[in-house]
Amino acid sequence: MAAVNQVSQDGRERLIRAAFVLFAERGFDSVTVRDIAAASGVSVGLINHHFGSKDGLREAVDVYFIGQFEDAITGVAPQQIKTAEDHATIIDQWIERHEADWPTIVAYFRRALLEESEWGYTLFQRFYGFVQNSVTRMDVDGQIAPDVDRLWLPFLWMYMEIGTMVFDPYIKRALGKSGYDRELWRRRHRAYMSLIRRGVAPRR
């Protein structure tokens, strides 16, 4: 029974990974369940078995997508992040874990947002929830100044990250490299955190 369950779980994970790549490349509406099944090497019936429908599969892919970001703070207590360099080190480690997937992560989010569909809205809401939770953790730990607008801070944080995703083709033309080139990425997230912390951290 354990072996059967493992095979079933492997099929589920392959479907999520295949759909993740195909949705990023072609958009949700342009991909069929047969495309996903063929790319994952499993039967079409497994999509209904595991997810109920193509929409259910997209929901699972969205959870997988947000999980990549949540991994950046999983197990990290706010009190461990006292300086911009502390945060930068955590992000450096996160980049190493997810660098291979990043082109697909960027393409997936960019396509979802630019389609202005329910898919994009749902994904935006999930990402907003993740960022809002991160800001709340910082606030509880006293890492945000009293006069900072708590309503807009999560959106300002999102603007910086999503801006790189949307503008990366133009960044590549301007700088000759993707904003996700390892060294540029390191400089970028350090610049982000320096701006955030100097702008919102209480003076000590």
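I began with confidence: in this predicted model the chain averages a pLDDT (the predictor's confidence in each residue, from 0 to 100) of 84, and 88% of the residues score at least 70. Over residues 1-7 the pLDDT is below 50, and beyond near neighbours in sequence I found zero contacts for this stretch (contact means heavy atoms within 4.5 Å). Where pLDDT is low, the predicted coordinates should not be read in detail.

I noted the conventions: residues are numbered from 1 along each chain as its sequence is written, and side-chain values use heavy atoms, with hydrogens and water left out. Local features need pLDDT of at least 70 and side-chain atom pairs 80 or more, while totals for chains, interfaces and linings use all residues.

I then searched the whole structure for aromatic pairs and found 16; rings of Phe, Tyr and Trp (its six-membered ring) pair if their centres lie within 6.5 Å, planes under 30 degrees apart counting as stacked, over 60 as edge-to-face and the rest as tilted. Because Phe 20 lies in helix 1 and Tyr 64 in helix 4, the pair ties together parts that are 44 residues apart in sequence. Phe 20 is buried at 0% relative accessibility, whereas Tyr 64 is partly exposed at 23% (buried means under 20% relative accessible area, exposed over 50%, partly exposed in between, with a 1.4 Å probe and protein chains only).

I also looked up Trp 102 and Tyr 180, a tilted pair with 5.4 Å centre to centre and 55° between the planes; both residues are buried.

Technical notes: Helices (H or I, at least four residues) and strands (E, at least two) are DSSP runs, numbered from the N terminus.
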